[in-house]
Number of protein chains: 2
Amino acid sequence: MSKGLPKRSEDYAAWYQELVKQADLAEHAPVKGCMIIKPYGFAIWEKMQRTLDDMFKETGHVNAYFPLFIPKSYLSKEAAHVEGFAKECAVVTHYRLKNSPDGKGVIVDPEAHLEEELIVRPTSETIIWSAYRNWIQSYRDLPLLINQWANVVRWEMRTRLFLRTAEFLWQEGHTAHATKEEAIEETRKMLDVYARFAEEYMAMPVIKGVKSENERFAGAVDTYCIEALMQDGKALQAGTSHFLGQNFAKAFDVKFANKDGELDYVWGTSWGVSTRLMGALIMTHSDDKGLVLPPRLAPIQVVIVPIYRGEEELEAIKVYVQKIIDELKRVGIKVHFDARDTHRPGFKFAEWELKGVPVRLAIGMRDIESNQVEVARRDTGEKHTASVDTLTGHILNLLDDIQKSLFNRALAFREANTHKADSYEEFKEILETKGGFVLAHWDGTTETELRIKEETKATIRCIPLQAEEEAGKCILTGKPSKRRVLFAKAY
Amino acid sequence: MSKGLPKRSEDYAAWYQELVKQADLAEHAPVKGCMIIKPYGFAIWEKMQRTLDDMFKETGHVNAYFPLFIPKSYLSKEAAHVEGFAKECAVVTHYRLKNSPDGKGVIVDPEAHLEEELIVRPTSETIIWSAYRNWIQSYRDLPLLINQWANVVRWEMRTRLFLRTAEFLWQEGHTAHATKEEAIEETRKMLDVYARFAEEYMAMPVIKGVKSENERFAGAVDTYCIEALMQDGKALQAGTSHFLGQNFAKAFDVKFANKDGELDYVWGTSWGVSTRLMGALIMTHSDDKGLVLPPRLAPIQVVIVPIYRGEEELEAIKVYVQKIIDELKRVGIKVHFDARDTHRPGFKFAEWELKGVPVRLAIGMRDIESNQVEVARRDTGEKHTASVDTLTGHILNLLDDIQKSLFNRALAFREANTHKADSYEEFKEILETKGGFVLAHWDGTTETELRIKEETKATIRCIPLQAEEEAGKCILTGKPSKRRVLFAKAY
């Protein structure tokens, strides 16, 4: 159990790492850069998965599964794509081990070398578009709206649990369309789905925008994204949706006959979110006492801790509590009764606080007599007493209130930490002293973007979709600019 | 669409392959031995997953996720385990590609060689038990009841869609216990869960048994299994549950302090089912016209085909059918209205027959007048008329009846194709002329088992748990035997 967490104000990175570990969310695997997602962490991810999967299906998508391995030659077919991923590919070269000649363990069998090396998928555009070539002949086969839940591998040297790992879990949507307009509409629709999930379920406000050319997905015409602001003033890209144009259709020769019988290349999109969202969730809400979970994603929404002396009292409380549990479950609330007799209430309070359970009920003999319970909310720490007779409705309202109030708190934080900079000096000062999002004018060139990045470590997170037109001058070059873009240091 | 299927009686293997392809279940991937699970096939697998996952959770298990890669040295720690898997391991040796010197595509960067090669998991005992070492200190940490849904890779030269592929999807449960008895109880409990899933959801009767030493999982003390009989008289192992003893605890030094404070090795189990179940499902029920799906696993349970001339009639039917659809959906029936105006009813009938939808409704203008629909069941091909007023209850009963009747038909088939053999001659004759399961006496030695396998291609599928004691003589050696075991040629 908790040895206490480092304070966020003193060492944010250490706080994050210790929290992930002590709250039993994940740990480092023996393979460098890989992680083990522990049951409690995985239960949160499962809730995210289930919610997103429902949202994808409501918008007409179906799931499928494509292979883990991509032939090396496939990856090379789209020039920008291979350029973007070549440096982080795990490569399978052999398909057999054999006993070591010295009798100690096994070695790779040099005779079992693959004719063509296989890449462990870093993303699946190439393998999927090679299949689409056979699946699409006519406009009647379109649109094709497919999603996949899978593991992917991008070799990373500097890793951090959930935020950047060599292997991670994600979903990747890959759609094919008859027209450019329809593909762009799909790209934007899925961006909206991601934004809605982030705000309504994760209680995490996001800014929707489009990436600059330099930050674009390797192989995309346009990359849309949602960007969130973490408590330490750094930005986190929480999801991306790519308009692929006809790039992959051309690379894999995917054509269709339109209604007039003419052949044309298919238009594509791809979009994904990953276990990185777990990192975003943790860093948006949690505090120095541990995890804070929004009720809609909490595996346990209400925990009940009995306050008793001796077995007889515990038994009496068990009987009393059962009808509360039944009633809460009946309306769909996830409730856990912590009846362990190996730990004291104070220990249990600290543990559930660390694990971010939104609501804690404490019940002792005196509460039974007065037909009341003590209710504590995790987000504010506030306690109050509630009547058992009206408890279910009360808890439903409370969970709803916590969900909204987490969102509002995060939104207020973001607003307080979004600044406008009108000169390069001001820009650098904000980044050094305050951090957060900085809205500033930019001349639209990659050259300027890269120089700003080199000098300040801030990158263009996105050109916000809702950015108002505003004539201005680039903070670095003074060249004219039509709207402010969103800068920040980022995860 | 269907070019017609080969007949099962003429070429069972070709029938299977064509059915998988034409019913849009799966196809071969460009990587040898790997498959693409297409949306319709994946929708069936999702139903299996969801059902099994609920059953695992009801029995107290939680999900987690462990890494795809296993360090080579880990695999070697359990001697029997590495012996069993070394010959089919995909090995990652490099972590980067670079541009080819000739400017054409990319090559593996020889400088990016891993210090220790990584194995793409063929199963996860080793990586999981290495984590359990840190997770388990005391009896209070036990039992640990964890499941994982994942992809695994076992390099195979001769592959068949769903039945044997280099990469497949599965779940693997890995549990840890304080006592031998409890671990054995868990092994048997999960075998029962698998048997219940096979019989109640897949409508596939299975025989529960224990494997002979020769067929045991590499690293297990005992392997329990469920065995099913396919229509061509070959057996299929549909799920396994392993009692691991303390083998992996010893290999990874996983000890716990018991209630008396004494240190002991932990007892383990593991159990899994895979996308192979898709092959079993197909081969248990389907016929020369296509797939036959049990209602409880069918992504579409009822399809409605309108019979009309001209757009006006189609519109009238659409309006009429909407209330039927709403009513069926209300009680949880998965219904699809095939309103395509690009295909004729006959074409649609054949397509849904090929795809195994359990119930088809056809509705034309005359049906509307008489307030009736034509109902056709896929399993028997029978048609009848039903009143729209009582349709929902009628369909619910019908789906239930189809589910039961598929099971009974498969059970009758198995019973008709299970034979006793009392001599080696008889044994060989049954295998050559009839196939199916053969119950015969065996002397209990691996030597005899292997000779029978070599001479007849039949293997011991299992020693049935319900086998009655019966004194007899081994069909090959004449040595005494206490019970018959189950032989068959197998997938």
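A polar contact here is a pair of N or O atoms within 3.5 Å; within protein, one must be able to donate a hydrogen and the other to accept it. The views below show a predicted model.

**View 1. Polar contacts across the interface of chain A and chain B.** By this rule, 26 residue pairs, both at pLDDT 80 or more, are in polar contact across the interface. On the side of chain A that touches chain B, helix α2 (residues 39–58) gives the most, with six residues. Sorted by class, that side of chain A has 42 nonpolar, nine polar and 15 charged residues.

**View 2. Salt bridge between E46(B) and K57(A).** The side chains of these two residues meet at 3.0 Å, N to O. Between chain A and chain B the count is two salt bridges.

**View 3. Contact and buried area between chain A and chain B.** In chain A, 66 residues are in contact with 66 residues of chain B. The size of an interface is often given as the accessible area lost when the parts come together. For chain A and chain B the buried area is about 5200 Å², and carbon and sulfur atoms give 69% of this area.

**View 4. Strand pairing between β5 of chain A and β5 of chain B.** Strand β5 (residues 91–94) of chain A pairs with strand β5 (residues 91–94) of chain B in the antiparallel sense, over three bridges. Opposite H94(A) stands V91(B), in β5(B).

Key:
Residues are numbered from 1 along each chain as its sequence is written. Chains are lettered from A and ligands numbered from 1 in the order in which they are written. This is a predicted model: local features need pLDDT of at least 70, side-chain atom pairs count only at pLDDT 80 or more; totals for chains, interfaces and linings use all residues. Side-chain values use heavy atoms; hydrogens and water are left out. Contact means heavy atoms within 4.5 Å. Buried area is the accessible area (1.4 Å probe) that two parts lose on being put together, summed over both. A salt bridge is a side-chain nitrogen of Lys or Arg within 4 Å of a carboxyl oxygen of Asp or Glu. A polar contact is a pair of N or O atoms within 3.5 Å; within protein, one must be able to donate a hydrogen and the other to accept it, and residues adjacent in sequence count only if both atoms are side-chain atoms. Helices (H or I, at least four residues) and strands (E, at least two) are DSSP runs, numbered from the N terminus. Ala, Val, Leu, Ile, Met, Phe, Trp, Tyr, Cys and Pro count as nonpolar, Asp, Glu, Lys and Arg as charged, and the others, Gly among them, as polar. Two strands pair if DSSP finds at least two bridges between them.
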